[in-house]
Amino acid sequence: MHAIIPPYLLARLAASSEPHVARAAEAARQTLAAPRVYRPTRASIDLSVEGGALVLEASPAPDRVISDAQHREQLPGVRARGEDDPATGDAAVDEAFDGLGATFALFWEAFGRSSIDGAGGTLEATVHYGEDYDNAFWNGERMVFGDGDGEVFTGFTRSVSVIGHELTHGVVEHAGGLQYVGQSGALNESIADVFGALTEQHLRGQTAAEASWLIGAGIFTDAVQGDALRSLSAPGTAYDDDVLGRDPQPAHMRDYVHTSADNGGVHINSGIPNKAFHLVATALGGHAWERAGRIWYLTLTTGGLSDTADFAEFAAATHAAATREYGEGSEEAAAVHAAWVGVGVIEDAAQR
Ligand SMILES: [Zn+2]
C-alpha cells in the first residue's frame, strides 16, 4: 500500500532470468512477498481556547526522527537521528532526514501547512529496511525505505521526489482520503507525484521551465535504461529497459489503460492528471508551487472532493478552486480548464 515501486514493475523484475540482474530479480521476489503492515493514522490536532478564541497549536519547525531497521523487517528499528542531532555519516539516515525536512519546508512555506497532519506532528522514517528491499512506502504513520538490490535499484532515500511523494500520501489521508483503486486511486498517486515533484523543485529553487518533472531520478543504477520511475512532463517516457520494460503511463484519456492489475492502474493512469498539472504549471510559469501547486493544494484540502472522485470530478474541483482563489475568467482558471481539455478529461466547449 502506498509504495513507490508499483507491483507490475517488481513482478517484471522478479520474473527476469537475465543473469546480470539475478540479485535484483531475487530482491524483487522477496520484496513482493514481504508483508507491509498498514497502520491507519489517528489524527490529533491540539485545540485550545485562549481569551474566547480557538487556538490551533502548529509548529513551523519540523520534528524528525529517523530509525534504522538494521536490515530487519521490524518497525520502527533503532533510533538513529532526532531533530537536534548532527549528521550521522550514514547516507540513508541523513538523506531521509533531509528529505523529510524538504517536504516539511514545501508544505509549510508554500501552503502554511505544518507537517503531514497539519498540526506539527512528528515526521518519522525508518531506513535500511530488510535485505535488498526494493521499495519505499508510507505505512500510515512513517516512511520506510529499503536499500535496493544494487543491480537495478539503488537506495530509495536518494530521491527527494520519492520522499515527498510518500509523505504526500499522508497529507491525502488527512485531507479525507481518495480510495486507492481506479481513478480515485490514480488521483491519489498523481497528487503524491505532484507534491513529490514540487518538493524537489522547491528545494532547488527551480521554475516550472527548469524542473526535470521526474519522480525517482537517481534510484535506478546505471545498468537501467531510464531516467526515473515516472515523468510528469512526458508520461510514458521515464524508462525503456530490456528487464523493466517500458514506462506504461498514458498522457491522455484516449490512451487510458483499463486493467485490474495495480488496483486498476493507479500508478499507470496517474500519468493523465500528472500531465494536466504539468500543463497548468508550464502555462502559468514561474515557481510551480506558487499558483498551480496552490490550486491543487486547495482542491485537496478545501475542494470538497469525495473519496471516490474520478478525473472529471477532480478537474471540476481544480477549476472551482482556481476560480475561488484567482477569480472568474482569471489566467489561472483558464490554464486549469485548458489543461484538462489538453489531456482529454473535459471536452472543449468551443469545439462542440
Ligand atoms: Zn504512491
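Visitor: Where does Q70 sit?
Guide: Q70 lies in the loop between β3 and β4. Strands here are DSSP runs of E, at least two residues long, and helices are runs of H or I, at least four long, numbered from the N terminus. This is a predicted model, where local features need pLDDT of at least 70 and side-chain atom pairs 80 or more, while totals for chains, interfaces and linings use all residues. Residues are numbered from 1 along each chain as its sequence is written, and side-chain values use heavy atoms, without hydrogens or water.

Visitor: Why does Q70 count as partly exposed?
Guide: Its relative accessibility is 38%. Buried means under 20% relative accessible area, exposed over 50%, and partly exposed in between, with a 1.4 Å probe and protein chains only. Q70 therefore counts as partly exposed.

Visitor: What stands out about phi of Q70?
Guide: Phi is near 50°. That is a positive value in a residue other than glycine. H71 also has a positive phi, about 70°, and is not a glycine. H71 lies in the loop between β3 and β4 too. At 35% relative accessibility, H71 counts as partly exposed.

Visitor: Which peptide bond is cis?
Guide: The bond from L75 to P76 is cis, with omega near 5°. P76 belongs to the loop between β3 (64-68) and β4 (78-82).

Visitor: What makes E347 count as exposed?
Guide: E347 has 53% relative accessibility, so it counts as exposed. E347 is in the segment after α10 (331-342). Its C-alpha atom is 9.7 Å from that of H337, a residue 10 positions away along the chain.

Visitor: What are the protein donors of the zinc ion?
Guide: They are H165 (NE2), H169 (NE2) and E189 (OE), lying 2.1 Å from the ion. Donors are N, O and S atoms within 2.8 Å of the metal (3.2 Å for Na, K and Ca); water is not among the atoms, so sites may look incomplete.

Visitor: How are the donor residues spaced in sequence?
Guide: The spacing is H-x3-H-x19-E. H165 and H169 both lie in helix α4 (residues 160-174), four residues apart, about one turn of the helix. Both histidines, H165 and H169, are buried.

Visitor: How many aromatic pairs does the count come to?
Guide: The count is 18 aromatic pairs. Rings of Phe, Tyr and Trp (its six-membered ring) pair if their centres lie within 6.5 Å; planes under 30 degrees apart count as stacked, over 60 as edge-to-face, the rest as tilted.

Visitor: Why is the pair of F195 and Y297 edge-to-face?
Guide: The ring centres are 6.5 Å apart and the planes stand at 80°, so the pair is edge-to-face. F195 lies in helix α5 (residues 182-204) and Y297 in helix α8 (residues 292-302), so the pair ties together parts 102 residues apart in sequence. Both F195 and Y297 are buried.

Visitor: Which residue pairs with Y256?
Guide: F311 does, edge-to-face, at 6.2 Å centre to centre and 70° between the planes. Y256 is in the loop between β11 (245-246) and α6 (262-265), and F311 is in helix α9 (residues 311-326), 55 residues apart. Y256 and F311 are both buried.

Visitor: Which residues do ring pairs link into a cluster?
Guide: They link W213, F277, W296, F314 and W340.

Visitor: What lies over the face of F97?
Guide: R64 does, at 3.7 Å from the ring centre. The charged end of R81 also sits over the ring of F97, 3.6 Å from its centre. The rule asks for NZ of Lys or CZ of Arg within 6 Å of the ring centre and within 35 degrees of the ring normal.
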